[in-house]
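Subject: Structure handover

Hi,

Here is the structure for your files. My notes on its rings and packing follow below.

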Amino acid sequence: MLYFRVPDATKSPTDPVPLRSRIFADLTPLRTSPDYRRLWCGNTISWMGQQMTALAVSLQVYDLTHSTFAVGLVGLCSLVPLVVFGLYGGAIADTVDRRKLGLYSASGATVLSVVLAAAALTDQHHVALLYGVVALQAVCFAMNSPARSSMIPRLLPVEQLPAANALNSLTSNLGLMGGPMLGGVIVGLWGYQAAYLIDVVAFGASLYAMWRLPSMRPEEDDGEGTPRRRASVLDGLRFLATRPNLRMTFFSDLAAMVLAQPRALFPAVAVLWFAGDAKTVGLLVAAPAVGAVLGGLFSGWLGGIRRHGLAILLAVAAWGAAVACFGLARNLWLGLFFLAVAGCADTISMVFRSTMLQAATPDRMRGRLQGVFIVVVAGGPRLGDFLAGSAADLTSPAVAVIGGGLACVLTVTALGLGRRAFARYDARDPQP
């Protein structure tokens, strides 16, 4: 059976579950854990500021160079450190006090925003400086994210992890939607320095949340009496190699992001399919994010699902099917609808993949597996962009989009058939 509602100890088992709790985002983690509440609020505010800064940097690079290639290099400057330092940051998170690592890395990111603001205020307009700051910001993020994600299972009971991850996805997608819009308005009204200074202030919320947390050192042993030693990236990869359910969470995500990632084709399909322009491209880019936000807002029902592996397989298949349907659509609003469905399915998949990663991984390994998660999330879509662009050049955008969506569905189906135990994964007994 797919659904399982975790009982509330304060209610009788026969009490009906309120309709709101079954539909809208479950706010229980925010109500029951002051530490998680501060961490979530701080991350929400600082993430919005980071997205404002990301847009401001891109605008400033273009203003200085008038080159789209130079703007594209901003993404490369961010991607390489994320991939290189993602695994290393996870290993550090499994060695030191995660609270301190989160505090120091957030402090480093704050200082970098101060550097951007100071350079803008003093008219020090150098593209190389912007590239360098972006790369260092990515290093700070690669250190901060595994530490922060590894803290959540220590702050909340396991039955609240799906709700917490749904709230985290809401933060991420709202920041990706609202941050650039606010950044564009602020840069237009008050200049680049204003966006950077607001980012500095926004980081204060994250720093305060980290500062108020208790010590978060990894567990001293593996539960079998083996003393904790310096964490090794290779040990983390060996652990993952022997844990089939956790491996499947990564394989399923790669099936979606590599095989069925249509965003690189949006400029072409906006013109060829919908006779549109840059505004049409903007709508296509925004549609999956809108669907993802709606998926987070209406995520209350996710807490009632215990077959997390099956839910992931179905959500990834839904992503692929929605992308394939988008490839068949020649009406803009119908195409936007299918992209929104894909974004919603991606949110559902992300919630359960994150929950499995947190619940089924021992505390001593959580940082390293969160590091692998960063590498997959950062690298998978970029590889998907390359694959989709290459396939479209060799065939056509329609073949690339429809074929990619169907390939995703077939691949995730094969993964599920090849690892049937993954579909039987039970949240009440999380096995890696």
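First, a term: buried means under 20% relative accessible area, exposed means over 50%, and partly exposed lies in between (1.4 Å probe, protein chains only). By that scale W211 is exposed, at a relative accessible area of 53%.

This is a predicted model: local features need pLDDT of at least 70, side-chain atom pairs count only at pLDDT 80 or more, and totals for chains, interfaces and linings use all residues. Residues are numbered from 1 along each chain as its sequence is written, and side-chain values use heavy atoms, with hydrogens and water left out.

Aromatic pairs

Rings of Phe, Tyr and Trp (its six-membered ring) pair if their centres lie within 6.5 Å; planes under 30 degrees apart are stacked, over 60 edge-to-face, and the rest tilted. The whole structure holds 8 aromatic pairs. One of them is Y208 with W211, tilted, at 6.3 Å centre to centre and 40 degrees between the planes. Both residues sit in helix 8 (residues 192–212), 3 residues apart, about one turn of the helix. Helices are DSSP runs (H or I, at least four residues), numbered from the N terminus. Y208 is partly exposed, at 41% relative accessibility.

W273 and F326 also pair: their ring centres are 5.7 Å apart and their planes at 55 degrees, so this pair is tilted too. It links distant parts of the chain, 53 residues apart. W273 is in the loop between helix 11 (266–272) and helix 12 (278–297), and F326 is in helix 13 (residues 308–328). Are these two buried or exposed? W273 is buried at 12% relative accessibility, and F326 is buried at 0%. F266, W273, F274 and F326 make up one aromatic cluster.

The charged end of R330 sits over its ring, 4.0 Å from the centre. The criterion is NZ of Lys or CZ of Arg within 6 Å of the ring centre and within 35 degrees of the ring normal.

Cores

A nonpolar core is a set of buried Ala, Val, Leu, Ile, Met, Phe, Trp, Tyr and Cys residues joined through side-chain atoms within 4.5 Å. The largest has 60 residues, and L284, W319 and F326 touch the most other members. Helix 14 (residues 332–359) gives the largest share, 12 residues. A second, separate core of 24 residues includes V74, A109, V133 and A194.

Best wishes

Technical notes
Helices (H or I, at least four residues) and strands (E, at least two) are DSSP runs, numbered from the N terminus.
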